[in-house]
Amino acid sequence: MEQFGPETYGERVADVYDEWYKPVDIAAEVALLTELAAGGRALELGIGTGRIAVPLAARGVEVHGIDASPAMVEQMRAKPGGDAIRVTIGDMADVPVEGRFALVFVVFNTFFQLYSQESQLRCFANVARHLEPGGRFLLHVFVPDTTRVESGEHVSVREASLDRVRLDATVFSALDQRLDTTQVRITENGIRLVHAKMRFAWPPELDLMATLAGLTLEHRWATFDKQPFSAASAFHVSVYRA
Ligand SMILES: C[S@@+](CC[C@H](N)C(=O)[O-])C[C@H]1O[C@@H](n2cnc3c(N)ncnc32)[C@H](O)[C@@H]1O
């Protein structure tokens, strides 16, 4: 089997990504990102197929992107407005772009695809170097669920319909905060596998990484429409300020 690298997930999922993650309501997400960009330039880490970047650019925000997978970016290029967004192919831990931004953002658990603590720390430090004075870093990730981590493994059924089944088979490691998931799609034509590796972190660890990078937590919400974050929240939208 090929070695797993930063580009592997995207290269394997690109042609079905938009179908598997059918547009949910992204209006609040795009509105908050527009507000935080405050008329300045925005940079998305792991821009993918432009699910968020394309509608954000349509709101008049100058959006740049980084992604490790050319196949994902190719999907974005095919969308109206997608070919106007400047994208750098590379590792988001390195933030390999020129200049500074009013807003850097990474959504939909993508930050956790940096699957070591070292690469996550490096990402925070490099983001801080690319923020304008007073600029913001927005992070949207899940809150790790300790009951799942303790059980070590988990299978969830994403879809069970007449002609196809989608399963996520996940192995958790509490020791290094890793979760390795293989998304399985079974149809009459065969089986499709997409593997993703993540390294999860609880909010206090993310805040410590931010502090080490010279960033300060400004907001933490449960949702993009600014619902309060609580112990019961499954996700958080955290905004760090330079
Ligand atoms: C779950 S998708 C999210 C795409 C998009 N942000 C969205 O919300 O739909 C994760 C994206 O991050 C990219 N990615 C994963 N690891 C990366 C890395 N180390 N550097 C750059 N891109 C990476 C993948 O290729 C993929 O396009």
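What we are looking at is a predicted model, in which local features need pLDDT of at least 70 and side-chain atom pairs count only at pLDDT 80 or more, while totals for chains, interfaces and linings use all residues. Residues are numbered from 1 along each chain as its sequence is written.

Strand E1, residues 41-45, pairs with E2 in the parallel sense over five bridges, and two strands are said to pair if DSSP finds at least two bridges between them. Both belong to an open, mixed sheet of seven strands, in the order E3-E2-E1-E4-E5-E11-E10. At its edges are E3 (86-89) and E10 (216-221), each of which pairs on one side only, and the twist from one strand to the next averages 20°.

Turning to the helices, H2 (residues 27-37) lies across E1, E4 (101-106), E5 (131-142) and E11 (235-241), and runs at about 150° to E4; here axes are lines fitted to C-alpha atoms, for helices over the stretch in contact, and angles run from 0 to 180 degrees between N-to-C directions.

How do H1 and H4 cross? The axes of H1 and H4 (residues 70-77) come within 7 Å and cross at roughly 25°, so the two helices are roughly parallel to each other, a term that covers angles under 35 degrees. On the H1 side, the contact is made by Gly-10, Glu-11, Ala-14, Tyr-17 and Asp-18, and on the H4 side by Ala-71, Met-72, Glu-74 and Gln-75, contact being counted if C-beta atoms, placed from the backbone, lie within 7 Å. These residues divide into four nonpolar, two polar and three charged, with Ala, Val, Leu, Ile, Met, Phe, Trp, Tyr, Cys and Pro as nonpolar, Asp, Glu, Lys and Arg as charged, and the others, Gly among them, as polar.

Next, the ligand: of the 21 residues around the ligand, Pro-6, Gly-10, Gly-46, Gly-48 and Arg-51 come nearest, a residue being near if its C-beta atom, placed from the backbone, lies within 6 Å. H1 (8-20) and E2 (62-67) are the elements that give two or more residues to this shell, which by class has twelve nonpolar, six polar and three charged residues.

Finally, the protein is divided into domain 1 (8-144 + 200-241) and domain 2 (146-197), with bounds from an automatic or database domain assignment. Their C-alpha centres lie 24 Å apart, and the contact takes eight residues from domain 1 and nine from domain 2.

Conventions
Contact = placed C-beta atoms within 7 Å. Helix = DSSP H or I, 4+ residues; strand = E, 2+ residues; numbered from the N terminus. Parallel < 35°, antiparallel > 145°, perpendicular 65-115°, else oblique.
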